[in-house]
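Reader: I'd like to learn how to read a model like this one. Can you walk me through it?

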Amino acid sequence: MAGSDRADDRPDGRPSGEARRDGLEIVLTQVARGDHAAFRTVYDKAAPAVLGIVRRVLRDPAQSEEVMQEVLLEIWRTASRFDPSTGSAAAWIMTMAHRRAVDRVRSEQRAAEREVRAATASIAYDEVSDAALTSLEYQRVRHCLDGLTDLQREAVTLAYYRGYSYREVAQLLGVAVGTVKTRMRDGLIRLRDCLGVE
Amino acid sequence: MQARGSRLHTLVGAYVLDAVSEADRASFERHLPTCEQCQQDVRGLREAAARLGQAAAVSPRPELRDQTMRAAAMIRQQPPLVVSQKRQFPAGRRWQQVSRPTSAGARPWLARVALAAAVVLAITATVFGLHLSSMQGRLSAAEQRDAAIASVLGAHDATTLTAKVTTGGMATVVMSHRERALVFIAKGLTRLPAAQAYELWLMSPAGDTPAGMLPPARRGMSGPMVVNRLGSGEQLAMTVEPASGARQPTSVPVVLVTLGS
């Protein structure tokens, strides 16, 4: 399958892009031992990204702050459960944040059947704060997103930044459900490869 | 791959993006343990998705930080590291190998010896049911080690290296040339028989120096361990040795990390 080969097994033992870590893994082991100073470090490193993604999905600023704090406290509580063999600390945290935001949206949706808002993916990933726009990370991700096909980009960003399910994305874009699933996968693979190679 | 498996495999992107229904999520997660390719894909794609999230970062209002810290202080964590270590340590003996032989009076060396002694005391206390003030000693040793870890992680020149362990697992080293120290952590190491343990070494043309025995893994995670007084041109190696430790490596390193710049 395309993109299944990995670049993280370099024989010289030097880190590759994929395996790049920022020490958060080790700080988490300290958090697991109840170290409040370490938890402050985790907060400083992770809270902006957590709040960023939660706010993209939820929109409501007050609710977003609440969910951001829930996620941070979840990190505090379950730091001992973090398993580095399943990925980086950043991925663990962002997975938790995104899933919680999406779960919140879905539970509200069930309560009051949300109208599928007409939206376009270009808006979905262009709406960023001024601060984010100037960040190097944003520039790199933006560059890599530009390398996706339109459908891949729309499928990925509507799901990730808006919290839409693949069925909702299919309806919104007027394409088959199966097509959306493969575009999401292929888009993420292309993104991974683009971000990984530096 | 059978049809059902590949149908589920297609779902990997939507799964990572949380764009699946609960039923889809459940069936994908049932499939996951049987599909190594899917696990690898989930791992890689999650890193990519996380970058999308990080690109959207915004600064939280400053007061949220203290609020969160206060809330954390009131929340009970899942059991900390020391509990299962006490249970798993068969003896304190292996810790005698922790210190490096040379040196006079380097404080981090003391910290490690103190930690070793404290762990022995903690085990003794557990085994004999003694309730003693040595718990205080254990805490301060842990604090000293944490301080050593923090000084490496906080160093301006801290760099992270990762390497595959040939017998399974992944090693991560965060090192600082300025601090002449590194923090070692490993995950997913192959479990060894009770008579054996992983031992770290600093290897250089001048010879191999023991750099500590790795404590038993907890939830697949071994360490963190601090190794001090790094010289130039050294390599960090790990070998499988008798549980009591060895003076010189007796087997081929299962991981070798070049520390030079």
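Author: Let's begin with the term "nonpolar core": a set of buried Ala, Val, Leu, Ile, Met, Phe, Trp, Tyr and Cys residues joined through C-beta atoms within 7 Å. Here "buried" means that 20 or more other C-beta atoms lie within 10 Å of a residue's own, while 12 or fewer makes it exposed and anything in between partly exposed, with C-beta atoms placed from the backbone. One caveat: this is a predicted model, where local features need pLDDT of at least 70 and side-chain atom pairs count only at pLDDT 80 or more, though totals for chains, interfaces and linings use all residues. Residues are numbered from 1 along each chain as its sequence is written, and chains are lettered from A and ligands numbered from 1 in the order in which they are written.

Reader: Which residues have the most contacts inside the largest nonpolar core?

Author: In soluble globular proteins, nonpolar side chains tend to be buried together. In this model the largest core holds 118 residues, and A:Val50, A:Ala159, B:Leu182 and B:Phe184 have the most contacts inside it. Helix H2 (residues 36–58) of chain A supplies the largest share, 13 residues. Helices (H or I, at least four residues) and strands (E, at least two) are DSSP runs, numbered from the N terminus.

Reader: What is B:Leu182 in contact with, beyond its neighbours within four places in sequence?

Author: A contact needs two C-beta atoms, placed from the backbone, within 7 Å. By that test, the partners of B:Leu182 include B:Val152, B:Val173, B:Val227 and B:Leu236. B:Val152 sits in helix H8 (residues 134–153) of chain B, and B:Val152 counts as buried because it has 25 C-beta neighbours inside 10 Å. Along the chain, B:Val152 and B:Glu179 are 27 residues apart, yet their C-alpha atoms are separated by 6.4 Å.

Reader: Now the sheets. What is the strand order in the open sheet of chain B?

Author: Strands of a sheet pair through backbone hydrogen bonds, either parallel or antiparallel. Two strands count as paired if DSSP finds at least two bridges between them. In chain B, 4 strands make an open sheet in the order S1-S2-S3-S6, with antiparallel pairing. Strand S1 (159–164) and strand S6 (221–227) are the edges, each pairing on one side only. Inside the sheet, S2 (residues 170–176) and S3 (residues 181–187) of chain B share 7 bridges, and B:Met175 has B:Leu182 as its bridge partner in S3(B).

Reader: How many residues lie between S4(B) and S5(B) in their hairpin?

Author: There are 2 residues between them. The two strands, S4 (residues 196–204) and S5 (residues 207–213) of chain B, run antiparallel and are joined by 6 bridges. One facing pair is B:Met203 and B:Asp208.

Reader: Is B:Leu202 buried or exposed?

Author: B:Leu202, in strand S4 of chain B, is buried because 23 other C-beta atoms lie within 10 Å. Leaving out residues up to four places away in sequence, B:Leu202 touches several residues, among them B:Thr209, B:Val227 and B:Leu236.

Reader: And where chain A meets chain B, how many residues does each chain bring?

Author: Chain B brings 68 residues and chain A 83. On the chain B side, helix H4 (residues 36–54) gives the most, with 14 residues. That side has 39 nonpolar, 18 polar and 11 charged residues, where Ala, Val, Leu, Ile, Met, Phe, Trp, Tyr, Cys and Pro count as nonpolar, Asp, Glu, Lys and Arg as charged, and the others, Gly among them, as polar.
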